[in-house]
Amino acid sequence: MIMDVDESDFSQKVLLSCNPVLVDFWAPWCGPCKMLAPVIDELAVEYAGKVDICKVNTDENMSLSSKFQIVSIPCLILFINGLPVQKILGFRSKNEIKKIVDIHI
Amino acid sequence: MIIYDIIIVGAGSAGLSAAIYASRAKLKTLLLEKNRCGGHLLIIDLLENYPGFYKGISGFDFAIKLEMQAKEFGTEIIYDDVLCIENKLNVKKVITANSIYESRTVVIATGTSLKKTNVLGESKFIGRGVSFCAVCDAPFYKNKDVLVIGGGDSAVQESIHISKFANSVTIICKNDKLKAIKVLQDRMLIHKNISVIYNAIPKEFYGKELLEKVTIMDVNTQQKKDLKINGVFIFIGLIPNTHFISNLITNEFGYILTDENMNTSVSGFFACGDVRKKQLKQVVTAVSDGVQAAVSAQNYIEENI
């Protein structure tokens with residue numbers, strides 16, 4: 001399941017999560033982000049129970065984009081124990097993303 | 001093993017159009033795509049010169065429609081990276097990262113990639129201030145100062161888009177005038193926060209975590225100057241994606257040579273869209289190329305196999 005996260009619950013759902021969390025920073029005007037959406041859906045199913053998958057709308061949560069220095073989307077950030085351990089930029093295939101995530105978990 | 005009638009490599013406007021016509025003509029059609037359907041369409045904010053779409057359509061929406069139409073007629077789409085193609089007697093072997101596919105004909109529709117400057121610091125700051133996609137990244141530069149490198153249609157069009165967000169947009173152009181078409185240059189003049197520095201090229205990108213400064217050089221005087229900026233967008237041209245086929249098919253600087261029916265130097269191989277050597281690279285001409293390639297492939301099958 002994919003959770004929509006915003007400024008108010010980011011700490012609780014991402015930073016304090018026991019599981020690793022992959023956060024998809026996206027915006028409605030971004031074509032490549034829309035193309036990535038079905039890939040994220042598939043990842044959520046495959047990683048169920050192991051990695052939480054969240055989405056952050058960068059338009060509505062500008063403080064989060066600025067905190068994590070996001071100036072280019074789509075951008076995925078993997079958080080483990082509250083720390084950003086890996087940034088994945090641009091459109092990537094499911095296998096590419098899995099390869100990168102699997103190194104950390 | 002299944003033998004396809006037609007394998008199309010690349011699912012941008014040209015490849016998807018070829019797939020629509022081929023599958024509608026009942027050819028067994030496979031479309032191979034490395035990433036996602038749409039190609040350059042995905043970075044077009046508003047496609048406003050495609051005839052019939054009054055007031056324009058977003059590149060993304062257009063791509064989705066093409067993809068749905070191709071699937072509707074029976075096109076099979078597989079996401080895989082083509083590594084090379086072997087031309088055997090009557091059959092073409094398409095070797096991908098994960099499999100091997102066989103086909104009677106092959107259509108190359110792999111388009112182009114955006115050219116990099118290869119200037120010091122560029123790769124370090126990709127995604128940290130250096131961008132190749134204004135539609136994706138311009139909104140992050142609200143009230144910031146942005147540099148655009150290039151002088152063609154894309155550079156000017158994207159500068160106009162960025163100027164709606166940024167405080168200032170400075171275009172640096174290596175020639176003494178812009179190459180962009182007049183309608184775009186005229187439109188640029190309305191946007192008072194866009195300025196142009198002529199005869200200049202980038203030399204180095206600097207910053208800590210994010211990009212902060214770019215050194216540019218005047219090509220005549222060799223004089224260097226630092227510009228404080230928050231982002232750089234690079235639109236300096238394209239390179240054809242033909243590495244996997246360049247030893248098989250005649251090309252010029254990587255662009256595949258074809259006749260007006262999209263036949264390449266090797267029979268049963270066709271090319272369409274931006275990957276082909278041609279003058280006008282537009283969505284509408286890519287679509288037209290794709291359709292012609294599909295019909296030529298169909299004729300080839302009827303005559304030869």
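I'm working from a predicted model, where local features need pLDDT of at least 70, side-chain atom pairs count only at pLDDT 80 or more, and totals for chains, interfaces and linings use all residues. Residues are numbered from 1 along each chain as its sequence is written, chains are lettered from A and ligands numbered from 1 in the order written, and side-chain values use heavy atoms, leaving out hydrogens and water.

Next I checked the pairing: S4 (residues 75-80) and S5 of chain A run antiparallel over six bridges. Strands here are DSSP E runs of at least two residues, helices H or I runs of at least four, numbered from the N terminus; two strands pair if DSSP finds at least two bridges between them.

Then the whole sheet: it is open, with five strands of chain A ordered S1-S3-S2-S4-S5 and mixed pairing. S1 (2-4) and S5 (83-89) of chain A each have a single partner strand, so one side of each lacks a neighbour in the sheet.

I also looked up helix H4 (residues 94-104) of chain A, which lies across S2, S4 and S5 of that chain, at about 165° to S5(A). Such angles run from 0 to 180 degrees between N-to-C directions, with axes fitted to C-alpha atoms, for helices over the stretch in contact (heavy atoms within 4.5 Å).

Over in chain B, is B:Lys278 buried or exposed? B:Lys278 is buried at 17% relative accessible area (buried is under 20%, exposed over 50%, partly exposed in between; 1.4 Å probe, protein chains only). I found B:Lys278 in the loop between strand S19 (269-271) and helix H6 (283-304) of chain B.
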